[in-house]
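Q: I would like to learn how to read an interface between two chains. Could you take me through one, step by step?

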Amino acid sequence: MPLAKRIIPCLDVDNGRVVKGVNFVGIRDAGDPVEVAKRYNQQGADEITFLDITATSDKRDTLLHVVEEVAKEVFIPLTVGGGVRELNDISKLLNAGADKISVNSTAVFKPEFIKQASSHFGSQCIVVAIDAKQTQWQSRGDAQDRWEIFTHGGRKATGIDAIEWAIKMADFGAGEILLTSMDGDGTKAGYDLKLTKSVSDATLIPVIASGGVGNLEHLVDGVKLGGADAVLAASIFHFGEFTVQQAKQAMRDAGVEVRL
Amino acid sequence: MQIAVIDFGIGNLRSVEQALHAVAADADIVVTHDARVIAAADKVVMPGQGAVGTWFKALDERALTAVVKQSLNEKPLLGICVGMQALFEFCEEDGGIDGLGVFQGSVKHFSNFHVQQEPCLKIPQMGWNQVTQSQDHPLWQGISDQSHFYFVHSFCANTQADQPAVVGTADYGHKFIAAVGRDNVFAVQFHPEKSHDDGLTLLKNFTQWNG
């Protein structure tokens, strides 16, 4: 029996508020993280992801107390990311109530960190977040689709190929990949399905599709065409367009196994 | 009523603690690695995340083996995830380690059971799977058969192991043990503390169960 495909509302948090931007800029307030998380837990979300979006660039610690408050209201898995630089950051977040920790920039600077973290805490709680953008690789003449990964909330290019990076991170012990298309993020044009499918086919760990959801069909496409194990969305839930329950019903109607 | 949640120094204990608080507001929930507190508690929860070798190392370093064995004989005890796997005779993880032997059989990596198939099943199994209630049990009260629970694991116990004690099964490439119980011991491979309303119902049933 296949596992139920997961629907994961994502809370991008900045200064203690849930926010949402388009292509990683142009930010709009979406409420109090505790209230928002509670709402999604009640609506039957399968998981919640909580990203402190400015933690790395501002060199701030993730807002542990907000994590604590959110964790009190949420009896489904909670993934927290943003500003994770050392093993102790992971311990602190787990102790605050997180179940999984998402690592992005630090994995790029110190890939060995993912090895250490997964062997210390177990692969099941280490998520590697990849922010990828479709790109023209000047050194290569082929017409194949390629994506480059970015760090610092999408502000710094790395020159690293997203597919190769995903394979390496899986080898290093990552338990899951949170794959965000920067081209799609906030545009409501749908996931980058080619990117999602390429990463999903290349690795044996679960892939969460992220970036660009504008309607419920996009969620279905992420699973059926992108091969994602879970689909993440923010705006469509934050601003009341759809409930998680409606999203699940739409997926079930399209023949996707979900937990209703 | 006092419920001791054993602290092995690994994983997310707060989730278990908070979920128990949510379902039993009057209970005294203590997260502890003090053998005396565990010995005095009315009920024991034995959580576990990560590797079983680390779990046994913590059990040893914290000198908790005796009190855990004693609890297994005399009071309601709930094992969760690695806290369930440790109850079998043998765990293949970390080069192989002897378990507590409450239940017969071995805990093995999923890859031992999966046949080559397309698309291949991802390991760890991470997500919501349906549980078949293969026997009635007070801890299933109020939970529909085939409800979804949240699993995160790479190792599992085959249903052939200790068949009479199998209380629930799930299917991920093959049928494996999702819940196992005998007398005062109940243990689950999934995470009730992360399994939304059905998980909370199971925990509530545990707080009301006399073994």
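Q: How many residues does the contact take from chain B and from chain A?

A: Contact means heavy atoms within 4.5 Å. Here 27 residues come from chain B and 37 residues from chain A. A note on the basis: this is a predicted model, where local features need pLDDT of at least 70 and side-chain atom pairs count only at pLDDT 80 or more, while totals for chains, interfaces and linings use all residues. Residues are numbered from 1 along each chain as its sequence is written, chains are lettered from A in the order in which they are written, and side-chain values use heavy atoms, leaving out hydrogens and water.

Q: What is the area buried between chain B and chain A?

A: Buried area is the accessible area (1.4 Å probe) that two parts lose on being put together, summed over both. For this pair it is about 2,800 Å², with 57% given by carbon and sulfur atoms. On the chain B side, B:K122, B:M126 and B:W128 lose the most area to chain A, together 27% of what that side buries.

Q: How many salt bridges are there between chain B and chain A?

A: A salt bridge is a side-chain nitrogen of Lys or Arg within 4 Å of a carboxyl oxygen of Asp or Glu. The count is two, and in one salt bridge the side chains of A:D229 and B:K122 meet at 3.0 Å, N to O.

Q: Is B:Q125 buried or exposed?

A: Buried means under 20% relative accessible area, exposed over 50%, partly exposed in between (1.4 Å probe, protein chains only). B:Q125 is buried, at 0%, and its contacts include A:L3 and B:F110.

Terms used: Lists of a residue's contacts leave out its neighbours within four places in sequence.
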